[in-house]
Amino acid sequence: MSKLILAIESSCDETAMSLIRSEEDADYFQIEVLSNAVASQIDIHKKWGGVFPELASRAHLEAMIPVLEEAMGSNQQSGIRYQPEKLKTESWQLTAVDAIAVTAGPGLVGSLLMGVETANILANLHKKPLIPVNHLEGHIYAAFAKQNKFNIPKSDIFPILALVVSGGHTSLILMKDHLKYEVVGQTIDDAAGEAFDKVSKLMELGYPGGPIIEKLAQSGNENAYKLPIGIKDQADFSFSGLKTAVLYLTKDVRTGEKIEYNKADLAASFQKIVVDTLILKTKKAIDKYNPSSVILSGGVSANSYLRKRFSRELASKFLPEEMIIIPPKNLSTDNAVGIAIAGALKQDSANFVVADPNLKI
Ligand code: KG4
Ligand code: ZN
């Protein structure tokens with residue numbers, strides 16, 4: 001029997017909602033993405049050079065109803081980014097929704113609260129089950145959504161090794177089955193996305209750093225500056241030493257005087273060493289856990305240079321190619337599609353006890 005899942009994501013600086021239809025047979029979860037609405041707060045946070053938590057919660061509050069209307073198809077004039085355009089065909093009633101999934105953490109507390117309370121109210125009002133989803137599992141499941149309609153195999157893809165690279169996380173996660181996660185490597189200091197953002201700030205390039213550095217790097221020489229890989233031998237990541245190395249190249253820390261450097265070359269060299277690190281650790285984990293498939297997801301996976309190298313350098317280990325699972329770029333960064341998919345699978349899972357609509361997460 002097919003069911004409709006509405007999902008809400010508000011853990012950082014995007015207010016996102018998605019409606020999906022989900023069905024299953026013995027071998028597959030069959031998913032159809034019906035809507036994917038994302039209201040970005042980048043313009044609000046730009047001038048602060050990073051996410052300003054109090055402003056983020058307020059902006060979520062303002063965006064909640066317009067994003068809900070957009071996701072349900074009842075108002076498509078709000079100007080909210082809605083991808084892809086061709087999804088804009090139908091409208092749905094909240095009464096028809098079978099369950100509401102919501103990002104319950106990790107994230108900024110004030111931002112999370114806005115989504116969780118909205119989900120709580122909708123679930124109470126319409127007597128729907130509420131499904132808490134972890135932000136990282138949302139990133140993982142978004143990777144399967146390559147088209148509007150797709151199947152997720154129930155077996156054959158396990159174990160999965162997932163590299164989730166975002167503004168808050170750099171994690172290697174081993175999955176022996178759906179919804180079963182074991183963190184086998186993670187950052188001990190900065191996340192990869194955070195390193196992009198901080199280095200962009202050091203180089204006075206703006207926020208968010210990832211896309212700006214990626215663009216600048218296209219015209220730079222990636223071998224111009226020699227930068228360090230943090231903790232080479234272990235599964236964990238460290239990016240703070242790299243950030244300090246960039247700082248030393250941009251100014252004399254004793255006098256505070258700026259040093260002349262080539263911005264494009266430094267951007268390219270920095271991007272290269274981050275990607276070298278990510279691929280090195282992923283390869284080590286592949287050798288250790290021998291996964292059948294590999295996922296690359298999270299905001300940093302929107303980076304074309306990373307996507308290209310990840311696919312190319314792991315190709316010999318994963319045949320057929322579909323075993324390298326990377327989301328379309330618009331689902332690399334925060335969205336509610338992955339939250340909805342994880343929510344649908346959780347509701348199907350024998351282990352999941354459907355939450356009481358009054359649940360406080
Ligand atoms: O997953 P995400 O949207 O939010 C968090 O969960 O944190 O990731 C945001 C991060 C930011 O640090 C941003 O700079 C980075 O993803 N990012 C990128 C690119 N696009 C976004 N990093 C590198 N290259 C990109 N093209
Ligand atoms: Zn994220």
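This is a predicted model: local features need pLDDT of at least 70, side-chain atom pairs count only at pLDDT 80 or more; totals for chains, interfaces and linings use all residues.

Let me start with where the ligand lies. Ligand 1 sits in the largest pocket. Around ligand 1 there are 19 residues, and the closest of these are His-139, Gly-167, Asp-197, Glu-214 and Gly-299. By class, this shell consists of 11 polar, five nonpolar and three charged residues.

Which parts of the chain build the shell? At the level of domains, at least three residues come from domain 1, which spans 3–146 + 331–349, and at least three from domain 2, which spans 160–326. At the level of helices, H4 (135–142), H5 (192–202) and H6 (209–217) each contribute at least two residues. The largest share comes from H6, which provides four residues.

A side-chain N or O atom of Glu-214 lies 2.7 Å from a nitrogen atom of ligand 1. Asn-303 also approaches a nitrogen atom of the ligand, with a polar side-chain atom at 3.0 Å. How much of the ligand does the protein bury? Taken alone, ligand 1 exposes 550 Å², and 89% of that is buried by the protein.

The second part of my talk concerns the backbone. As a reminder, most peptide bonds are trans, and most residues other than glycine have a negative phi.

Gly-105 and Pro-106 are joined by a cis peptide bond, with omega at about -10°. Pro-106 belongs to the loop that runs between strand E5 (99–105) and helix H3 (109–126).

Another cis peptide bond links Phe-158 to Pro-159, where omega is about -5°. Pro-159 is found in the loop between strands E7 (149–153) and E8 (160–165).

Finally, Lys-127, a residue other than glycine, has a positive phi, near 55°. Lys-127 is located in the loop between H3 and strand E6 (130–134).

Thank you for your attention.

Note on methods: Residues are numbered from 1 along each chain as its sequence is written. Chains are lettered from A and ligands numbered from 1 in the order in which they are written. Side-chain values use heavy atoms; hydrogens and water are left out. A residue is near a molecule or strand if one of its heavy atoms lies within 4 Å of it. A polar contact is a pair of N or O atoms within 3.5 Å; within protein, one must be able to donate a hydrogen and the other to accept it, and residues adjacent in sequence count only if both atoms are side-chain atoms. Accessible areas come from the Shrake-Rupley method with a 1.4 Å probe; for residues, only the protein chains shown count as cover. On a 1 Å grid over the protein atoms alone, a cavity is a set of points where a 1.4 Å probe fits but cannot get out, and a pocket is an open set with protein on both sides within 12 Å along at least five of seven lines; lining residues have an atom within 4 Å of a point. A molecule sits in a cavity or pocket if more than half of its atoms lie within 2 Å of its grid points. Ala, Val, Leu, Ile, Met, Phe, Trp, Tyr, Cys and Pro count as nonpolar, Asp, Glu, Lys and Arg as charged, and the others, Gly among them, as polar. Domain bounds come from an automatic or database domain assignment.
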